[in-house]
Amino acid sequence: MIQFKDKNLTVFQSALYKTTTAVIDTEEALIMTDPNWLPEEVQEIRNYISQHIGNKKLYTIYTHSDFDHIIGASAFPEAYVVASEEFSNNEHKEEIKKQIEEFDQKYYIYRNYTPAYPNVDYQVVNDGETLQIGNVTLYFYKSPGHTSDGIFTVIEPYGIFLSGDYLSDVEFPFIFSGYRDYVSTVDKAIRIFKEHPIYYHVPGHGTTTVDRKEITRRVEISRYYLEQLGKGNEQLEEFCQKEYDFFEGMRDIHESNKAKAD
């Protein structure tokens, strides 16, 4: 299940939707994102945390509130939870919990914890605010568009960029919140790359990369998709079929995107 490992960064990947969980090992803390999906996968992450935590503190960053990204939250009750103010004040918490229950019912899944919506200890209120953990600085940026409560995180001095459900190599932009917000968030990512030395990109779904050209390509493809979507380009579907191996499984989201861009 470990997709990527290098120095301070370990990335786990679920069998479902190539969903990722990043674990960053610092001198004073372990910083984890979005523990997910299946019970055995959550347990593997739990075992890794238990083996490496020692006297350190565990932080969990939730990139956004989609149920697949919070489904493992209760397996880490000791975590100090970081998320956006919008995540904390989400009016749809019960609906999201119900989505988890429906998923487990549908696939006959038992868990050794009771799934719950995370309680946030540190709310990201302002764009660009920072959290200091020893000699490590976390920079947070609001990232609405996919959902209304997303955040980007840059971790320095490691140069790790955690993008949540943006800039994926396996998914085109999924617009659940707003088209214009999504365009602005991709533009913000470009500014982040100019302001921070980024060496690692960990998307919420897909492959971790250390290739700067690949990071740039992901930005350009997302921008192209959004631009062509806004123009109503009928050839965009053909582009997606060539670019994304699982497009047929995502076709309904593409159709939904078209309506949002009108």
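## A hairpin to start with

Strands S8 and S9 make a hairpin with two residues between them, and Gly134 in that turn has a positive phi of about 65°. Here helices (H or I, at least four residues) and strands (E, at least two) are DSSP runs, numbered from the N terminus. This is a predicted model, in which local features need pLDDT of at least 70 and side-chain atom pairs count only at pLDDT 80 or more, while totals for chains, interfaces and linings use all residues. Residues are numbered from 1 along each chain as its sequence is written, and side-chain values use heavy atoms, with hydrogens and water left out.

The pairing of S8 with S9 is antiparallel and runs over four bridges; two strands pair if DSSP finds at least two bridges between them. Gln132 has Thr137 in S9 as its bridge partner. One face of S8, with Leu131 and Ile133, is covered, whereas the face with Thr130 and Gln132 is uncovered.

## The five-stranded sheet

S8 and S9 belong to an open sheet of five strands, ordered S8-S9-S10-S11-S12, with mixed pairing. At its edges are S8 (130-133) and S12 (200-203), each of which pairs on one side only. From one strand to the next, the twist averages 20°.

Further into the order, S9 (residues 136-142) and S10 (residues 151-156) pair in the antiparallel sense over six bridges. Thr137 stands opposite Glu156 in S10, and Thr137 is also the bridge partner of Gln132.

S3 (residues 20-25) is mostly covered, with six of its six residues buried (buried means under 20% relative accessible area, exposed over 50%, partly exposed in between, with a 1.4 Å probe and protein chains only). Thr20, Ala22 and Ile24 are buried on one side, and Thr21, Val23 and Asp25 are buried on the other.

On one hand, S3 pairs with S2 (residues 9-13) in the antiparallel sense over five bridges, and Val23 in S3 is the bridge partner of Thr10. The hairpin of S2 and S3 has six residues between the strands, and Tyr17 there takes a positive phi near 60°. On the other hand, S3 and S4 (residues 29-33) pair in the antiparallel sense over three bridges. A hairpin of three residues joins S3 to S4, and Asp25 stands opposite Leu30 in S4.

## Helices H7 and H8

H7 (residues 236-243) and H8 (residues 247-261) pack at an angle of about 145°, with their axes 10 Å apart. Axes are lines fitted to C-alpha atoms, for helices over the stretch in contact, and angles run from 0 to 180 degrees between N-to-C directions. In H7, Leu236, Glu237, Cys240 and Gln241 meet Phe247, Glu248, Arg251, His254 and Glu255 in H8 (contact means heavy atoms within 4.5 Å).

## Asn257, a buried residue of H8

Asn257 lies in helix H8, and it counts as buried because its relative accessibility is 0%. Its side chain reaches the backbone oxygen of Pro173 at 2.7 Å and the backbone nitrogen of Ile175 at 3.1 Å. Leaving aside residues up to four places away in sequence, Asn257 touches Phe172, Pro173, Phe174, Ile175, Tyr225 and Leu229.

Conventions
Polar contact = N/O pair within 3.5 Å; in protein donor to acceptor, adjacent residues only side chain to side chain.
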